[in-house]
Amino acid sequence: MKRLNGIIFIVTGAMLWGATGPLMEWLLNHTSMTVSFLLTIRLSVAGIGLLTYLLLTGKNIFGIWQHKLWGRQLVIFSIVGMLGVQFSFVAAINASNAVVATLLQFLAPIFVVAYVSLSLKKWPPKYQVLGIIGTLVGLFLLLTNASFDSLLISPKALIWGIAVGLAFAFYTLYPAPLMKEWGVLSVVGWGMLVGGVALGIVSRIWQSDQWMVLLEFQIALLMIALIFLGTVAFILFLSSMHYISAVETSVLSSIEPLTAMFISVIVFGTSLGFWQLIGVFVMLVCVTWLSIAGEKA
């Protein structure tokens, strides 16, 4: 029963997170909201919500700031990890679409493998090399539809997409000691709040004329849905890890880009060529292979 709960949690969480991509794409394309404004609101509100929940359940959320070392690490995670992932992901959506941006974050395992190999000063195992080659082949098909003469997304979108993978790799590797010491929800809540506040200060959100957009009922409803779905998705994802293995979590989370693709194609009319669809399939298979083979190794 517990394993079934874990599967339900990760599948539901992945579908909800996949749905946030097309929502952000629609908001950026149909309103005057910028990436900075959208993310400042989303991160700040979600962070306050998580920290309030922890306070109401009797958790000490301020203890981490009483230690300079942990506080410094939390700030680094908040800016480079949390804000880095979120900003590059939304910027990639803004420069291309939700499907491409969601798939490009699956480059993260390649950067993780590269970092570990450089740290150990040795070549990665054969299964990782094969998985990386396969992922890059799938990426080539996604970006070009098997045509050597054309790139179907802009160089700007590709750069942001690579940034998503790099930031996601950092997000995966860096905060492990923090989360072990202070709890996942506390670290994520502070990460969201600090990242959102920092972005708001840099972008001078108080001077923005985009606040008026939030007075429109439809836009306000979509923003609430975006914040709620993203936060619930993350909680479900973390909860699933108590019941199922990391491999099962990795494999089942592949539903995320499929959900983004389904919503984008059915609701927003995004179209993909035949070889692009083959590329999507190849990327998902190779990322799954990296996870399974890595667990066996």
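Which residues does T20 touch, not counting residues up to four places away in sequence? They are R42, L226, L229 and G230. The model is predicted. Its secondary structure comes to 13 helices and zero strands. Of the 297 residues, 51% count as buried.

**Overall build**

- Read along the sequence, the pattern is α-α-α-α-α-α-α-α-α-α-α-α-α.
- Contacts between residues 24 or more positions apart make up 84% of those with a separation of 6 or more.
- The protein exposes about 14900 Å². Carbon and sulfur atoms supply 71% of that area.

**Helix 1: G6 and T20**

- Helix 1 covers residues 2–30 and holds T20. G6 has its place in helix 1 too.
- T20 counts as buried because its relative accessibility is 0%, and the cut-off for buried is under 20%.
- Leaving out residues up to four places away in sequence, the contacts of T20 include R42 and L226. L229 and G230 are also touched by T20.
- G6 has a relative accessible area of 0%, so G6 is buried.
- G6 and S240 lie 234 residues apart in sequence. Their C-alpha atoms are 4.2 Å apart in space.

**Helix 2 against helix 9**

- Two packed helices are described by the angle between their axes and the distance between the axes.
- Helix 2 (residues 35–56) packs with helix 9 (residues 184–203) at an angle of about 145 degrees. The axes of helix 2 and helix 9 are 7 Å apart.
- The crossing of helix 2 and helix 9 is left-handed.
- The residues of this contact divide into 15 nonpolar and 10 polar, with no charged ones.

**Helix 9 and the residue after it**

- Helix 9 has 20 residues. From first C-alpha to last, helix 9 reaches 28 Å, close to the 28 Å expected at 1.5 Å a residue.
- R204 follows helix 9. R204 is found in the loop between helix 9 and helix 10 (217–240).
- Most residues other than glycine have a negative phi.

**Helix 10: I224**

- I224 has its place in helix 10.
- Is I224 buried or exposed? I224 counts as exposed, because its relative accessibility is 56% and the cut-off for exposed is over 50%.
- I224 and A46 are 178 residues apart along the chain. Their C-alpha atoms are separated by 9.9 Å.

**Helix 7**

- Helix 7 (residues 155–173) has 19 residues. At 1.5 Å a residue, helix 7 should span 27 Å.
- Buried residues in helix 7 include A157, G161, V164 and G165. A167, A169 and Y171 are buried in helix 7 as well.

- L143 is found in helix 6 (residues 126–144). L143 counts as buried because its relative accessibility is 6% and the cut-off is under 20%.
- L143 and W275 are 132 residues apart along the chain. The C-alpha atoms of L143 and W275 are separated by 9.5 Å.
- G279 lies in helix 13 (residues 274–296). G279 is buried, since its relative accessible area is 0%.
- Which residues is G279 in contact with, leaving aside its neighbours within four places in sequence? They are G138, L141 and L142.
- G279 and L139 are 140 residues apart in sequence. From C-alpha to C-alpha, G279 and L139 are 6.1 Å apart in space.

Note on methods. Residues numbered from 1 in each chain as written. Predicted model: local features only at pLDDT ≥ 70, side-chain atom pairs only at ≥ 80, totals over all residues. Heavy atoms only, no water. Helix = DSSP H or I, 4+ residues; strand = E, 2+ residues; numbered from the N terminus. Buried < 20%, exposed > 50% of the residue type's maximum accessible area, 1.4 Å probe, protein only. Contact = heavy atoms within 4.5 Å. Expected span 1.5 Å × (residues − 1). Axes fitted to C-alpha atoms, helices over the stretch in contact; angles between N-to-C directions. Left-handed = near helix turned anticlockwise from the far one by under 90°. Nonpolar A, V, L, I, M, F, W, Y, C, P; charged D, E, K, R; others polar. Areas by Shrake-Rupley, 256 points an atom, 1.4 Å probe, with all protein chains shown as cover.
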